[in-house]
Amino acid sequence: MKRLDWGKTGQSMTEITILLALVAAVAISGLMLTGEGTRDALCRAASAFGSTCGDLFRDDFSNLNNWTIQNGRWQIREGRLCIDGPGRIYRSFDRSDYVIDVSLARLTRGNGYGLFFRDSGGPKFNGYSFQYDPGYGRGAFIIRKWINGNELAVPIARVDAPAGYDWYGSDRTVRLEVHGNTFVASIDGQPIVQARDSSFDQGGIGFRSWDASSACFDDVSVRRP
C-alpha cells in the first residue's frame with residue numbers, strides 16, 4: 001500500500017488556499033473598480049461557487065407564474081416583462097427591509113414606469129413607489145406614497161433630472177434600498193433620490209406604467225440588506 005506523505009499534502013492544500021484567496025481578492029478589487037460596493041463584489045465572487053448571497057427572491061421572467069396582474073397588458077417578450085399602456089403587476093412579500101435590483105429597465109415611450117415596494121397588494125393597496133418619470137415637469141425621479149390604491153398628489157421625495165437626460169431606449173439598472181424609514185433609489189449604480197417615511201413597515205414589490213408608456217424589465221431580485 002502506498003503511504004501518503006501528509007507533510008506534502010498539507011503544504012499543497014495551504015498553497016491552494018492562498019491561491020484561492022488571492023484570486024478572490026483580485027476579482028473583488030476588479031468588481032469594486034467598476035463601482036460596486038464591497039458586499040456586491042463579494043456576492044458576485046461567491047456566485048461562482050453557487051451561493052445566492054442572501055437572495056430572498058429572483059425572477060428572470062421566463063414566465064409570469066410569480067406575479068399577480070392587477071391590470072394592464074403585461075406579457076413576456078424575449079424573456080422580458082413588458083407592458084404597453086397603463087398597468088400594475090404585483091408580487092407578495094412579507095418583509096420589512098430589503099434591496100430590490102432590476103438589471104434591465106427600458107422605457108421606449110410615454111411618461112414613465114414605477115417600481116413598488118412595501119406594497120400591501122390588491123386594488124386598494126398601501127405602499128410606496130419609485131418612479132422613473134419623464135412626464136413630471138421637465139422630468140424627475142420620484143418616490144411616492146400610496147393609500148387605498150391612490151398615489152398622493154405630492155411626492156415624498158423628488159429630484160429633477162439633469163438637462164438632456166436620455167430617458168428613452170436605454171437599458172438602465174434600478175436599485176431600491178429599503179431599510180427602516182429610509183428609502184434610496186439608484187439608477188445605473190448612482191444614488192439619485194432618497195426619502196423617509198414611517199407609514200408602512202412591510203409588503204411586496206411590483207411594477208407599474210401609466211398613460212401610453214411602453215416599458216420592459218428583466219432579472220429582478222430581492223435580497224437582505
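Tyr 132 and Tyr 165 are both buried, where buried stands for under 20% relative accessible area, with a 1.4 Å probe and protein chains only. The model is a predicted one, in which local features need pLDDT of at least 70 and side-chain atom pairs count only at pLDDT 80 or more, while totals for chains, interfaces and linings use all residues. Residues are numbered from 1 along each chain as its sequence is written, and side-chain values use heavy atoms, with hydrogens and water left out.

The structure holds 22 aromatic pairs, counted where ring centres of Phe, Tyr and Trp (its six-membered ring) lie within 6.5 Å. Because Tyr 132 belongs to strand S8 (residues 127-133) and Tyr 165 to the loop between strand S11 (157-160) and strand S12 (172-179), the pair ties together parts that are 33 residues apart in sequence; strands here are DSSP runs (E, at least two residues), numbered from the N terminus. Both tyrosines also belong to one aromatic cluster, whose members include Trp 67, Phe 141 and Trp 167.

A disulfide, defined as cysteine sulfur atoms within 2.5 Å, joins Cys 82 to Cys 216 with an S to S distance of 2.0 Å. The torsion about its S-S bond is about 110°, so the disulfide is right-handed. Since Cys 82 lies in strand S4 (residues 80-84) and Cys 216 in strand S16 (residues 214-223), this pair ties together parts that are 134 residues apart in sequence. Cys 82 and Cys 216 are both buried.

How values were computed:
Helices (H or I, at least four residues) and strands (E, at least two) are DSSP runs, numbered from the N terminus. Buried means under 20% relative accessible area, exposed over 50%, partly exposed in between (1.4 Å probe, protein chains only). Rings of Phe, Tyr and Trp (its six-membered ring) pair if their centres lie within 6.5 Å; planes under 30 degrees apart count as stacked, over 60 as edge-to-face and the rest as tilted.
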